[in-house]
Amino acid sequence: MPQPDTDRGPPVWRDMDQKALDDAYDQDVYAPNRPLIVQRRIAASERTRTILGPPERVAYGTSEYERLDIFRAPAANAPVNVFIHGGAWRRNKAADYALQAEPLVAAGAHAVIIDFINVEQSGGDLLPMYEQVRRALAWCWRNAESVGADRERFYISAHSSGSHLTACVLTDGWREAGLPPDFCKGALLLSGMYDLAPVRLSKRSSYVTFTDAAVEKLSSQRHLDGLRTPLVLAYGTCETPEFQRQTKDFFAAVQAVRKPVELIVGEAYNHFELLETLANPYGLMGRALLRQMRLA
């Protein structure tokens, strides 16, 4: 947790010294219950596969990492939500997030959860992660009809580093993918990062190669001219100070350019507890997701 003022070193980012900044980009410091929440998420995902059956596993690209899981709604021409997981760019997989599908399928929507390379597998480069997420979203939109989905009701949800990658696609990547500006009708982004300048100064630089070009390209807050998707942004009051600030600053920046955006503040939730509410139709973020998709 935050260190006493007497122990502070010289400022590195705003009023933060190196340790404070490192802690602000280390979720375990502010959310020591992460291992328990991960266990719950994996167990709940197993239950979801028991209830809904195994997902359809589909390739959206040529590499071994480019796969996605589809949980189909009973009815054809249903809306679809694509979920992009987090994990500090270095961990997690689609199978561990199957629980996100159950409330969506129950509400009459298809649920898609994507896999993609992590930054350690890519040798510290974030661009392959971004490019694979971009390809996955483009594949889902272009193949919506083949999976029984209505591409005019295409939505995205994401968490943490997944929110970072998604925001990059929504502000700039849709052009690179050849998608129409309004391909996504709404995105729910939880606890993301939208400017990499301070992240570059933190201990995350020990496993991510932050070049000037990568920081510029993958800081979505710098590319808001390309944003065409209505956003719902969220953070928890027990998250790290930088994750709270990142979302608040992004919200203010989107508001300033007069584009549709809503902010939800999760009182007394940490980074991982907030995500847990997304899989609950009566939870804070689950309600927001279904409302955004007009399924509430």
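Predicted model: local features only at pLDDT ≥ 70, side-chain atom pairs only at ≥ 80, totals over all residues.
Select Leu68, Ile70, Val80, Val112, Trp139, Cys140, Ala144, Val147, Ala149 and Phe154, which together line the largest cavity, a space with a volume of about 50 Å³. If you then colour by secondary structure, you will find that β2 (67-71), α5 (127-142) and β5 (149-159) each supply at least two residues of this lining. Colouring by residue class shows ten nonpolar residues around the largest cavity, with no polar and no charged ones.

Next, move to the second largest cavity, whose volume is about 30 Å³, by selecting Ile37, Arg41, Leu99, Gln100, Phe272, Leu275 and Glu276, the residues that line it. Here α3 and α10 are the elements that give two or more residues to the lining, and α10 gives the most, with three residues. By class, the lining of the second largest cavity has four nonpolar, one polar and two charged residues.

From there, select α3 itself, residues 34-52. At 1.5 Å a residue its 19 residues should span 27 Å, and the C-alpha atoms at its ends are 26 Å apart, which agrees. Show the side chains of Arg34, Ile37, Val38, Arg41, Ala44, Ser45 and Thr48, which are the buried residues of α3; looking down the helix axis, you will see these buried residues fall within an arc of 130°, so they line one face of the helix. What covers them includes α2, α4 (101-106) and α10, whereas Gln39, Arg47 and Thr50, on the other side of α3, are exposed. Following the chain beyond α3 brings you to Gly53, which has a positive phi, near 90°.

Of the 23 residues that line the largest pocket, Gln27, Ala88, Arg91, Arg204 and Tyr207 are the closest to its centre, and α2 (27-30), α3 and α10 (271-276) each supply at least two residues of the lining. The lining of the largest pocket comprises seven nonpolar, eight polar and eight charged residues.

Finally, select Asn92, Lys93, Asp115, Phe116 and Gln121 to find the second largest pocket, which holds about 220 Å³ of space; of the 19 residues that line it, these five are the closest to its centre. By class, the lining of the second largest pocket has five nonpolar, seven polar and seven charged residues.

How values were computed. Residues numbered from 1 in each chain as written. Heavy atoms only, no water. 1 Å grid on protein atoms, 1.4 Å probe; cavity = no way out; pocket = protein on both sides within 12 Å on 5 of 7 lines; lining within 4 Å. Helix = DSSP H or I, 4+ residues; strand = E, 2+ residues; numbered from the N terminus. Nonpolar A, V, L, I, M, F, W, Y, C, P; charged D, E, K, R; others polar. Points joined across faces, edges and corners; volume = space filled by probe spheres on them. Expected span 1.5 Å × (residues − 1). Buried < 20%, exposed > 50% of the residue type's maximum accessible area, 1.4 Å probe, protein only. Arc of directions from axis to C-beta. Contact = heavy atoms within 4.5 Å.
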